[in-house]
Amino acid sequence: MFCRYLSTRIESTVKRRYHFFNSFFFRKLADLDKDQGRAPEGRAAFLRVRKWTRKINVFDKDFLFIPVNFK
């Protein structure tokens, strides 16, 4: 919710510099749904989230917001 609030508060002229992922992105990146004790490997982590990033170039962004929610 806070990321959504932040995204509405950013001026439209600089909004292209930011990207907001949702909280499911981190769970997929870190593979928390399967094995919580294993650290994500670079290539495997990329393959899990490549569909999430195919329409944006994260290297063109100045800020990436990735909310982390542990229960």
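Contact here means heavy atoms within 4.5 Å. Helices (H or I, at least four residues) and strands (E, at least two) are DSSP runs, numbered from the N terminus.

## Ground rules

This is a predicted model, where local features need pLDDT of at least 70, side-chain atom pairs count only at pLDDT 80 or more, and totals for chains, interfaces and linings use all residues. Residues are numbered from 1 along each chain as its sequence is written, and side-chain values use heavy atoms, leaving out hydrogens and water.

## Helix 3 and its cover

Start with helix 3: Ala45, Arg48, Val49 and Thr53 are its buried residues (buried is under 20% relative accessible area, exposed over 50%, partly exposed in between; 1.4 Å probe, protein chains only). Looking down the axis, they sit within an arc of 140°, so they line one face of the helix (the arc is that of the directions from the helix axis to the C-beta atoms). On the face turned away from that buried side you'll find the exposed Arg43 and Lys51.

What covers the buried residues includes helix 2. On the helix 2 side, Phe24, Phe25, Lys28, Leu29 and Ala30 do the touching, and they meet Ala45, Arg48, Val49, Trp52 and Thr53 of helix 3.

## The one salt bridge

Search the whole structure and you get one salt bridge (a side-chain nitrogen of Lys or Arg within 4 Å of a carboxyl oxygen of Asp or Glu). The partners are Asp62 and Arg17, at 2.5 Å, N to O. Asp62 is in the loop between helix 3 and strand 2, Arg17 in the loop between helix 1 and strand 1, so the pair ties together parts 45 residues apart in sequence.
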